[in-house]
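Subject: Handover of a structure and its findings

Dear colleague,

Please find the structure below, together with its sequence.

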Amino acid sequence: MSLSADARAASTLWNHGEVDIGAVLGLEQLTWGMLLLVVIAAFCAGWIDAVVGGGGLLQLPALLLIPGISPVQALATNKLASVFGTATSSATYYRRAKPDLRTALPMAIIALIGSFGGAAVATVLPPAAFKPIIVIALLAVALFTAFRPQMGAATQLRFHGHKHHIMAGAAGLGIGFYDGMIGPGTGTFLVITLVALLGYDFLQASAKAKIVNLATNAGALMLFIPHGAVLWLLGGILAIANVAGSYLGSRMAISRGTTFIRVVFLVVVIALIGKLGVDVWNENIVPAFASIAG
């Protein structure tokens, strides 16, 4: 449903004194209770995204719980809310943490290009093929972070000059590609790349990651809009909740610093391992056993 059609439907229903929220938002089976659950998830997702990324682990599954919503509508509406949330946290970090835009902006542009490439590959190659590799990589990241407590405590750049920007661009391209093809945990991958590969502390890494993630979210949204996949009214409500969570999360991250971000980062990485691990089990291992048994 288009934005104008959504608005006309909502206006008609409210003018007749009806409060059927499902009909207003174009999802007939959506209840007030379900909407409240999704709004809370959007707020929490905004908070997580602002601190270390990975908010999609909450917001997208919550959207998929709504009866009658298609996966593409959930993805598109999730991106709409996330764009506003990441814009808010990006602005907050920029004002208070002063990230170096000479690294963040080129990385964001290259990541945007990568996200288009990832989306194109996803149409011909199933993302399930890559998830086992990603789970192994995340396990390595979790162990590496847990057993190196000084990592990310202070900025110690590993590259300088043109080499720094080349490495940042390569990282942006790869993570943008991942975002376009698979998606969940993009912000988390950005943070660990900026910390482990480039040598930023967790606070500066989070600040730059928000700018890059804003670009990839906007790129995905631009792909969804022409197909009419965005549920604008629902997305607008979730955007408000996401913005509130993002503002709170970015303020907390800035005030509490790298130690706080590191702890939240580890929690989110473990959650991401669990989520992708379940996907690998359902998409790769179960079918393999079924084919053997058959």
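Helices here are DSSP runs of H or I with at least four residues, strands are runs of E with at least two, and both are numbered from the N terminus. The model is a predicted one, in which local features need pLDDT of at least 70 and side-chain atom pairs count only at pLDDT 80 or more, while totals for chains, interfaces and linings use all residues. Residues are numbered from 1 along each chain as its sequence is written, and side-chain values use heavy atoms, with hydrogens and water left out.

I begin with a single position. Glutamine 73 belongs to helix α5. With a relative accessible area of 18%, glutamine 73 is buried (under 20% is buried, over 50% exposed, and anything in between partly exposed, using a 1.4 Å probe and protein chains only). Apart from neighbours within four places in sequence, glutamine 73 touches Gly68, Ala229 and Leu231, where contact means heavy atoms within 4.5 Å.

Helix α4 has several buried residues: Leu57, Gln59, Leu60, Ala62 and Leu63. Among the elements that cover them are α3, α5 and α11.

Next, the pockets. A pocket is an open set of points on a 1 Å grid over the protein atoms alone, where a 1.4 Å probe fits and protein lies on both sides within 12 Å along at least five of seven lines; lining residues have an atom within 4 Å of a point. Volume is the space filled by probe spheres set on the points.

The largest pocket holds about 910 Å³ of space. It is lined by 41 residues, and those closest to its centre are Leu75, Asp179, Ile182, Gly183 and Pro184. Helices α4, α5, α6, α8, α9, α10 and α11 each supply at least two lining residues, and α10 gives the most, with seven. By type, this lining has 17 nonpolar, 17 polar and seven charged residues. In this scheme Ala, Val, Leu, Ile, Met, Phe, Trp, Tyr, Cys and Pro are nonpolar, Asp, Glu, Lys and Arg are charged, and the others, Gly among them, are polar.

The second largest pocket has a volume of about 210 Å³. Its lining includes Phe130, Ile134, Tyr178 and Phe189. Helix α8 gives the most to this lining, with six residues. The lining of the second largest pocket comprises 10 nonpolar and two polar residues, with no charged ones.

Which aromatic rings pair? Rings of Phe, Tyr and Trp (its six-membered ring) pair if their centres lie within 6.5 Å, and planes under 30 degrees apart are stacked, over 60 edge-to-face and the rest tilted. Three aromatic pairs are counted by this rule. In one of them, tryptophan 47 and phenylalanine 260 have ring centres 6.0 Å apart and planes at 85°, so the pair is edge-to-face. Because tryptophan 47 lies in helix α3 and phenylalanine 260 in helix α11, the pair ties together parts that are 213 residues apart in sequence. Phenylalanine 260 is buried, at 17% relative accessibility.

Tyrosine 178 and phenylalanine 189 are also edge-to-face, because their ring centres are 4.9 Å apart and their planes lie at 65°. This pair links helix α8, which holds tyrosine 178, to helix α9, which holds phenylalanine 189, 11 residues apart. Tyrosine 178 is buried at 9% relative accessible area, and phenylalanine 189 is buried at 14%.

Finally, the charged end of arginine 256 sits over the ring of phenylalanine 260, 5.3 Å from its centre (the rule asks for NZ of Lys or CZ of Arg within 6 Å of the ring centre and within 35 degrees of the ring normal). Lysine 98 likewise lies over the face of tyrosine 94, at 5.9 Å from the ring centre.

With kind regards
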